[in-house]
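Please read them with the structure open.

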Amino acid sequence: MFIAGNWKMNTDVRSAVVLAASICEHVGPGTRTQVAVCPPYISLDVVGRAIRSSASPVKLGAQDMHFEDDGAFTG
């Protein structure tokens, strides 16, 4: 099983790190489910560092872009 959370634009940098740390605390190394978080672009670096500094198997993903000016087009 694979679970990924696409955060859209719903966090700032500080809250993204807090959320990532909380997820890492709850996804231990023995889990059978693969978990990934996909924060906004502005938080990729700090969330990646937060994930790497934990012993959690949580992975980092990124959102894609779309040519439209607005809408729910990130994936």
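1. Where is the place of Thr31? Thr31 sits in the loop that runs between α1 and β2. The model is a predicted one, and in it Thr31 is partly exposed, with a relative accessible area of 35%. Thr31 and Pro57 are 26 residues apart in sequence, and their C-alpha atoms lie 8.3 Å apart in space.

2. Overall architecture. The protein has two helices and three strands, and along the sequence these follow the pattern β-α-β-α-β. Among contacts with a separation of 6 or more, 61% join residues 24 or more positions apart.

3. The sheet. The three strands form an open sheet in the order β1-β2-β3, with parallel pairing. β1 (2-6) and β3 (59-60) are at the edges with a single partner strand each, so one side of each has no neighbour in the sheet. β1 pairs with β2 (residues 34-38) in the parallel sense, over five bridges. Ala4 has Ala36 in β2 as its bridge partner.

4. Helix α2. Which residues are buried in α2? They are Val47, Gly48, Ala50 and Ile51. Seen down the helix axis, the buried residues of α2 fall within an arc of 160°, so they line one face of the helix.

5. A nonpolar patch on the surface. Val13, Tyr41 and Ile42 make a nonpolar surface patch of about 350 Å². Of these residues, Tyr41 is placed in the loop between β2 and α2 (44-52). Is Tyr41 buried or exposed? Tyr41 has a relative accessible area of 71%, and the cut-off for exposed is over 50%, so Tyr41 counts as exposed.

6. Burial and surface in total. Of the 75 residues in the protein, 28% are buried. The protein exposes about 5300 Å², and carbon and sulfur atoms supply 58% of that area.

7. Two loops compared with the helix. The loop between α1 and β2 holds Thr31, which is partly exposed. The loop between β2 and α2 holds Tyr41, which is exposed. In α2, by contrast, Val47 and Ile51 are among the buried residues.

Conventions: Residues numbered from 1 in each chain as written. Predicted model: local features only at pLDDT ≥ 70, side-chain atom pairs only at ≥ 80, totals over all residues. Heavy atoms only, no water. Pairing = 2+ DSSP bridges. Helix = DSSP H or I, 4+ residues; strand = E, 2+ residues; numbered from the N terminus. Patch = residues over 30% accessible without salt bridge, like charges linked within 9 Å, V, L, I, M, F, W, Y side chains within 5 Å. Areas by Shrake-Rupley, 256 points an atom, 1.4 Å probe, with all protein chains shown as cover. Salt bridge = Lys/Arg side-chain N within 4 Å of Asp/Glu carboxyl O. Buried < 20%, exposed > 50% of the residue type's maximum accessible area, 1.4 Å probe, protein only. Arc of directions from axis to C-beta. Contact = heavy atoms within 4.5 Å.
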